[in-house]
Amino acid sequence: MKLLVTGGAGFIGSAFVRLALTSPGQFSLANVDALTYAGNLENLASIANDPRYSFHKADIADPDAIEAVFATVQPDAVVHFAAESHVDRSIHSPEPVIRTNLNGTFTLLEAARRHKTPRFVHVSTDEVYGSIDEPHDADESYPLHASSPYSASKAGSDLLALSYFTTYKMNVSVTRASNNYGPFQFPEKLIPLMIANALEGKQLPVYGDGMQIRDWLYVDDHCRAIRAVLDKGRAGEVYNIGGSRALPNIEVVQRILAATGQPESLIKYVTDRPGHDRRYAITSEKVERETGWAPRMEFEAGLAETVSWYRANTDWISNVRSGAYREFYDKNYAGR
Ligand code: NAD
Ligand code: DAU
């Protein structure tokens, strides 16, 4: 099996690569990543010397570069993580989001079509359903209602991927996961940002009233689900992947303050995100029934592990916070 992973230097992609390469067996894993602000080869230091692993620096929206990668790797399967993944960035600066998430996915699908790649898993998000009113939980047939350029780009790329099944009979599946957390997540998303700020005694910016609800999924549970869909998922199907742990943001922030021993006075309520989705809630019954997957990590244990990891890796935090991220952060979030 020759596996091609895109975005393997990011948060979830690197967890998937590390997990895959802890398994023995004769397979190869090629990682194609442009190393944007969110891509970091430090995340892969533990497996970088595995002879089954190769790294290809390329932009997924560059057809020539992607053709060269496919010609070299000749993959049996693609697991497509690469994306501009942050909602706030997509609001401030949508162009790279559309380019990578839509054009990049298109470029990969076309390469897979030309090379007759036997399997393609497109990694997507529950954000494509938009805000979901209680008491409903979205299953895979729930209507798409994207609120941000990020979620619209993911919804569009989901439909494009599924069209390659319908039109070209390609073996494509789409996964839609809820909010991931765990080690190596870039400190711009809620949990790592709040942990990093709390560890430094900085303010914790909570958008609006902090009562927005997200469902939390430990990153390794997500990666096991993607592996299960890669192996057992059906062509042309969508699979929701949730953590079955819905919490208001403010409660997550309070738990982080408790775990880091910091006072609640660090909480600062700030202007809400434009178009902010109030509640995400999905059912993962389909992936559980069809593949046997279930989440293993309890939120309390996962959050404790995550806080410990960030506490032990403050150099990693300062490394990723320098450079391009630092400029963006200062420009858009200075003072928050
Ligand atoms: P991330 O931002 O941490 O990593 C993205 C990776 O993609 C980085 O390594 C980056 O360098 C790479 N990349 C970006 N643009 C590229 C391009 N043009 N060409 C090649 N590589 C490029 O993202 P993440 O949080 O690990 O998310 C991975 C995937 O999972 C995304 O598709 C995202 O939509 C999806 N997802 C994320 C979450 C979450 O909570 N983080 C939840 C559900 C789904
Ligand atoms: O639901 C899956 C999605 O989860 C993924 O598709 C995205 O890639 C991922 O970024 C995440 O999107 P969210 O917008 O839900 O995640 P984020 O961590 O940016 O925000 C989580 C919640 O916390 C959201 O309600 C906004 C709020 N928030 C976020 C930040 C960064 C704050 O209140 N303050 C903050 O500083």
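Which residue in β6 is the bridge partner of His122? In this predicted model, the partner is Val174. Residues are numbered from 1 along each chain as the sequence is written, and local features need pLDDT of at least 70. Side-chain atom pairs count only at pLDDT 80 or more, and side-chain values use heavy atoms, without hydrogens and water.

**Strand β5 and its partners**

- Strand β5 covers residues 119–125; strands here are DSSP E runs of at least two residues, and helices are H or I runs of at least four, numbered from the N terminus.
- β5 runs parallel to strand β4 (residues 77–80), and 4 bridges join them; two strands pair if DSSP finds at least two bridges between them.
- His122 of β5 is the bridge partner of His80.
- With strand β6 (residues 172–177), β5 pairs in the parallel sense over 6 bridges.

**Burial of β5**

- In β5, 7 of its 7 residues are buried, that is, under 20% relative accessible area with a 1.4 Å probe, counting protein chains only.
- In a regular strand, side chains alternate between the two faces of the sheet.
- Arg119, Val121, Val123 and Thr125 are buried on one side of β5, and Phe120, His122 and Ser124 are buried on the other.

**α4 against α5**

- The axes of α4 (residues 95–114) and α5 (residues 149–168) come within 8 Å and cross at roughly 15 degrees; axes are lines fitted to C-alpha atoms over the stretch in contact, with angles from 0 to 180 degrees between N-to-C directions.
- α4 is therefore roughly parallel to α5, a label for angles under 35 degrees.
- The residues of this contact (heavy atoms within 4.5 Å) divide into 11 nonpolar, 5 polar and 3 charged. Ala, Val, Leu, Ile, Met, Phe, Trp, Tyr, Cys and Pro count as nonpolar, Asp, Glu, Lys and Arg as charged, and the others, Gly among them, as polar.
- Residues of α4 in the contact include Val97, Ile98 and Leu102, and those of α5 include Tyr150, Leu160 and Tyr164.

**α4 against α2**

- Helix α2 (residues 63–73) packs on α4 at an angle of about 40 degrees, with the axes 10 Å apart.
- Pro63, Ile66, Glu67 and Phe70 in α2 meet Thr107, Leu108, Ala111, Ala112 and Arg114 in α4.
- By class, this contact has 6 nonpolar, 1 polar and 2 charged residues.

How values were computed:
Chains lettered and ligands numbered in written order. Buried < 20%, exposed > 50% of the residue type's maximum accessible area, 1.4 Å probe, protein only. Parallel < 35°, antiparallel > 145°, perpendicular 65-115°, else oblique.
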